[in-house]
Amino acid sequence: MKVVSVAVVWALSIYLAGGAQIIGGREATPHSRPYMAYLSMVRGTKCVSCGGFLVRNDFIMTAAHCSSDNITAILGAHNMVQDENSQQIIPVAKSFPFPDFCPRELDNDIMLLKLRWNATLNSAVGVLPLPKKVRDVRVGRSCSVAGWGAMDTEGEKPSPTLQEVNVTVVRRLCAQTWGRQFNEYKVCAAGPLKGGCSGDSGAPLVCRGVAIGILSFGGKPCGYFPSVFTKVAMYLDWARDVLANN
């Protein structure tokens, strides 16, 4: 049954990967973020998870460090341990990490995933628009990030339901915290004891209904350090090329 397989995938991913952590947030209204994707993957003998978001009915965007040979996308989900008729479980057919992705510094941490078959778009499954052109996000702007997983700073209390949190775009704090790891290809967001963490990688930073960033890295304890996102606008030409040719 679907409820068993999805629940087991969720439990194993949270236990082994440390969880997709949203700190200082709240439970999202079910299916209010229909673009959200839960990515379950196998690495060796371990099940791990990432976030992602639908950008076309057959493509998901996420972080390049979420790469694996075996990825399954779960769309239309809210509660990962309940049998939801809205869920669509689709294997990933092919991964397209950015060619110059640097795992050590997490530079160019962006990837597109081609689904094996098209998702059915409806009230629970939809796409998130990408920026139309390259431009900086104003410092001080309120944005949001969402994901499934732990709600405590140590990542020990996972939530089966989608959580969301508002964060503020910052720059100076990020430069002071991350030094050379923070550059023009990244955008930073923070809040008092708020944000995402390692297991939530790939989740979108949403500002005014547009995918501005992709969660790449942060620090622990979760919520004490600004979260760093890959700046989507810097990769529009690459993304358009992949989408147009696949």
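Predicted model: local features only at pLDDT ≥ 70, side-chain atom pairs only at ≥ 80, totals over all residues.

Q: Which side chain meets D58 in a salt bridge?

A: Side chains of opposite charge can pair when their charged atoms come close. Here D58 pairs with K114, at 2.6 Å from N to O (a salt bridge is a side-chain nitrogen of Lys or Arg within 4 Å of a carboxyl oxygen of Asp or Glu). K114 sits in strand β8 (residues 111-115) and D58 in the loop between β4 (46-56) and β5 (59-62), so the pair ties together parts 56 residues apart in sequence. Those strands are DSSP runs of E, at least two residues long, numbered from the N terminus.

Q: How many salt bridges does that rule give?

A: The count comes to seven. One of them joins R26 and E164, whose closest N and O atoms are 3.3 Å apart. R26 is in strand β2 (residues 26-27) and E164 in strand β10 (residues 158-170), 138 residues apart. R26 is partly exposed at 37%, while E164 is buried at 11%. Another joins D136 and K231 at 2.9 Å, N to O; D136 is exposed at 55% and K231 is buried at 10%. Shared partners also join R26, R33 and E164 into one network.

Q: And the nonpolar packing: which residues have the most contacts inside the largest core?

A: In soluble globular proteins, nonpolar side chains tend to be buried together. The largest nonpolar core here has 58 residues, and L39, I60, M61, L75 and L112 have the most contacts inside it (a core is a set of buried Ala, Val, Leu, Ile, Met, Phe, Trp, Tyr and Cys residues joined through side-chain atoms within 4.5 Å). A second, separate core has 14 residues, including V145, V167, L215 and F229.

Q: What does L112 touch?

A: Leaving out residues up to four places away in sequence, L112 touches, among others, V55, F59, I60, F96, W238 and L243 (contact means heavy atoms within 4.5 Å).

Note on methods:
Residues numbered from 1 in each chain as written. Heavy atoms only, no water. Helix = DSSP H or I, 4+ residues; strand = E, 2+ residues; numbered from the N terminus. Buried < 20%, exposed > 50% of the residue type's maximum accessible area, 1.4 Å probe, protein only.
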